[in-house]
Amino acid sequence: MASKPTMSLALLSLVAVLVLAVGAKAGGIAIYWGQNGNEGTLAETCASGNYQFVNIAFLSSFGNGQTPVINLAGHCDPSTDECTKLSPQIKSCQAKGIKVILSIGGGAGSYSLTSADDARQVATYLWNNFLGGHSSSRPLGAAVLDGIDFDIEGGTDQHWDDLARYLSGYSKKGKKVYLTAAPQCPFPDAWVGNALKTGLFDNVWVQFYNNPPCQYTSGNVANLEDSWKQWTSAIPAHKIFLGLPAAPQAAGSGFIPATDLNSQILPAIKNSAKYGGVMLWSKYYDDITGYSSSIKNHV
């Protein structure tokens, strides 16, 4: 009789270990917000409960002596300080445990870094105007963002590693500065490939779309899986995310129906220790399809 409780404890321990093992593979969803005025507010985005990370897109002009410009489409006009209204919304997101990150770059911006000193100046600007520093002209108000996302799709491939180092240095001043990046899936990325080698990036959400050689096509998981293995084995980042369009019209190619993602793709990639979840472009398209709601229990 005395052995029965012991067996029960052993069984409970085994169940606990299994639960932890399964839970360890649970990922989150990162979303881009800011490029369509019809996608709801930042506060509504965070209140949905679907997202772990929200990238505010984009700081579209900076570097090379330019006055930095934030472009949030129809949400607010930065030239009249209207975007400072986002400050309480950012804080409400953070109160829910959501990381709110400023995405710099984008597909249509004007940006480049001409030297290590230029990178240092941009890092100082980002720290004082969006992170833990101080400035009289903070575009999003007093809220302190959690980090910077490198969505570099043009300019040159120079000095992004310097920018990452300078920004990372600010983590020593108290609150951690998260660094994330959104490279294209062809490896290595043409723009931020060198920066990613620094090992300073927390999350890398690789864009597995608009790039046929490394994206999913109906019935063919192999190209995406091979690319995923390359990214997760070669990049010294904390977590790698599968970047996808949230609707067919959100990208030129690479959309994966939610049922295919849940049944074919996620089971194939979640066994990686670096699996972090799924990144979606963008909140506007996610609203149209309900994509994040369809996948969140599988991510």
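Colleague: Where does D81 lie?

Modeller: D81 lies in the loop between β3 and α3; helices (H or I, at least four residues) and strands (E, at least two) are DSSP runs, numbered from the N terminus. This is a predicted model, in which local features need pLDDT of at least 70 and side-chain atom pairs count only at pLDDT 80 or more, while totals for chains, interfaces and linings use all residues. Residues are numbered from 1 along each chain as its sequence is written, and side-chain values use heavy atoms, with hydrogens and water left out.

Colleague: Why is D81 called exposed?

Modeller: The relative accessible area of D81 is 51%, and exposed means over 50%, buried under 20% and partly exposed in between (1.4 Å probe, protein chains only); D81 is therefore exposed. Its phi is near 65°, a positive value in a residue other than glycine.

Colleague: Which residues of α7 are buried, and what puts them on the same side?

Modeller: The buried residues are L224, S227, W228, W231 and T232. They cover an arc of only 130° around the axis, so they are on the same side of α7; the arc is that of the directions from the helix axis to the C-beta atoms. D226 and S233 are exposed on the other side of α7. The buried residues of α7 pack against α6 (193-196), β8 (203-207), β9 (239-245), α8 (258-269) and β10.

Colleague: Which residues does a cis peptide bond join?

Modeller: One joins A57 and F58, with omega about 0°; F58 has its place in strand β2 (residues 53-62). Another joins W281 and S282, with omega about -5°, and S282 is found in the loop between β10 (275-281) and α9 (283-289).

Colleague: Over which residues does pLDDT stay under 50?

Modeller: pLDDT, the predictor's confidence in each residue from 0 to 100, stays under 50 over residues 1-24. Where pLDDT is low, the predicted coordinates should not be read in detail. The mean pLDDT of the chain is 93, and 92% of its residues reach 70 or more.

Notes
Contact = heavy atoms within 4.5 Å.
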